[in-house]
Amino acid sequence: MRTFAVLILAWLAAFPLGAQPQAIHRAVKLMGCGFEFTAIHEDPALARQAIEAGIAEVSRIERLISSWDEHSQTSAINRNAGIQPVQVDDELFQLIRRSLKVSGITNGAFDISFAAIEKLYLFNGSETTFPPAEEVEGSVAKINYRNIIVNPEKHTAFLKEEGMRIGFGAIGKGYAANRARAVMQSMGIANGLVNASGDLTCWGKQEDGRNWGIAIADPDDKMKAIAWLPIGEGAVVTSGDYEKYLMVDGKRYAHIIDPRTGYPTTGIKSVTIVCPDAELADALATSVFVLGKEDGLALIDQLKGIECLIITEENELVGSKGLQLQYE
Ligand code: ADP
Ligand code: MG
């Protein structure tokens, strides 16, 4: 009984009666881009600890899936392209499988083997020409998700052709945001938000008890909101051409490759996907860029519980059938 009383007292000391939930924020560079974490809790120390754990989780994932880190399992798969299957952790194995599933749904618009062509482009805004056509043709021939062979018994992944390469640039941040959220929730954070540079997932409520709502940035002026999305819980992921792009003859191309041609996509400024799952939203945002306005919307309208907002090159706003936007 005494221990019980002492415990209760300790609890009261930690949470003085009437303590208000507080939002703790932290911005940090991870996976080569800016991440923002918000944890809302009566105990700020716990909120900070949970954010630290979220950060550690993203770093762990980065080490596993980065195709730039030569020590990662992804790099081992790439090094063994055309040579032999590589045994990988279940986590990476499942991420590859889910990526292949998205390739199936999008008819190959999403393809992690796009990475065979990655080195031909810089997308830092300074390029003014396309790479030589022969090089594009040579590399695009290596892009084909059907040549990513996974073996569930042996837990291996094999890139069938030499010169193939995979990369998780279009799905990894969404996955990492999901995982950071799960870790924070498991530590008792019932209200929070993880924003992986535009791949955002939120849960519970805001600090003042209101539902989460997300501002959609104006692609011509990132500091300005053009619309609001009331979301409550779930993921809102925006893929845009305003950070990484290529300009050729005055035309802007996004840092997203059309796996059918090997050239970057054009015509769309940004795609926002709203759905419960940040990883799927991330992959679909990229896919809609490749598919274009009509085919992209047709795909999203087929998928239950998933909505989409496209801003075209001409600043036209087009939404999927169930999208509930608020303009203020
Ligand atoms: P953002 O960086 O704006 O969030 P995305 O989620 O759309 O953008 O991811 C873009 C990245 O996806 C590219 O930098 C590249 O690494 C990768 N990528 C490019 N084209 C494809 C594609 N067709 N399928 C899968 N991944 C792609
Ligand atoms: Mg994406």
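Which backbone nitrogen does the side chain of Ser66 reach at 3.0 Å? The nitrogen is that of Trp68. This is a predicted model, in which local features need pLDDT of at least 70, side-chain atom pairs count only at pLDDT 80 or more, and totals for chains, interfaces and linings use all residues. Residues are numbered from 1 along each chain as its sequence is written, chains are lettered from A and ligands numbered from 1 in the order in which they are written, and side-chain values use heavy atoms, with hydrogens and water left out.

**View 1. Ser66 in the loop between helices H2 and H3.** The loop runs between H2 (44-65) and H3 (73-79). Helices (H or I, at least four residues) and strands (E, at least two) are DSSP runs, numbered from the N terminus. Ser66 counts as buried because its relative accessibility is 15%; buried means under 20% relative accessible area, exposed over 50%, partly exposed in between (1.4 Å probe, protein chains only). The Ser66 side chain reaches the backbone nitrogen of Trp68 at 3.0 Å. A polar atom of that side chain also lies 3.0 Å from the backbone nitrogen of Asp69. A polar contact is a pair of N or O atoms within 3.5 Å; within protein, one must be able to donate a hydrogen and the other to accept it, and residues adjacent in sequence count only if both atoms are side-chain atoms. Leaving aside residues up to four places away in sequence, Ser66 touches Ser72, Thr74 and Ser75 (contact: heavy atoms within 4.5 Å).

**View 2. Tyr253 in strand E12.** E12 covers residues 251-254. Tyr253 is buried, because its relative accessible area is 12%. Beyond residues up to four places away in sequence, Tyr253 touches Phe130, Tyr245, Leu246, Val248, Pro264, Thr265 and Thr266. Tyr242 is eleven residues from Tyr253 in sequence and 9.7 Å away in space, C-alpha to C-alpha.

**View 3. Two asparagines with positive phi.** Most residues other than glycine have a negative phi. Asn107 has phi near 60°. Asn107 sits in the loop between helix H4 (90-105) and helix H5 (133-140), and is exposed, with a relative accessible area of 66%. Asn315 has phi near 65°. Asn315 belongs to the loop between strand E14 (307-312) and strand E15 (317-319). At 41% relative accessibility, Asn315 is partly exposed.

**View 4. The open sheet E3-E5-E4.** Three strands pair antiparallel in this order. Two strands pair if DSSP finds at least two bridges between them. E3 (86-87) and E4 (148-151) stand at the edges, each with a single partner strand, so one side of each has no neighbour in the sheet. Four bridges join E4 to E5 (residues 156-159). Asn151 stands opposite Thr156 in E5.

**View 5. The E8-E9 hairpin.** Two residues lie between E8 and E9. E8 (residues 213-218) runs antiparallel to E9, joined by six bridges. Asp218 faces Asp221 in E9.

**View 6. The second largest pocket, with about 160 Å³ of space.** Of its 13 lining residues, the closest to the centre are Leu229, Pro230, Ile231, Val274 and Glu307. On a 1 Å grid over the protein atoms alone, a pocket is an open set of points where a 1.4 Å probe fits, with protein on both sides within 12 Å along at least five of seven lines; lining residues have an atom within 4 Å of a point. Grid points are joined across faces, edges and corners, and a volume is the space filled by probe spheres set on the points. Strands E9 (221-230), E10 (234-240) and E13 (268-275) each supply at least two lining residues.
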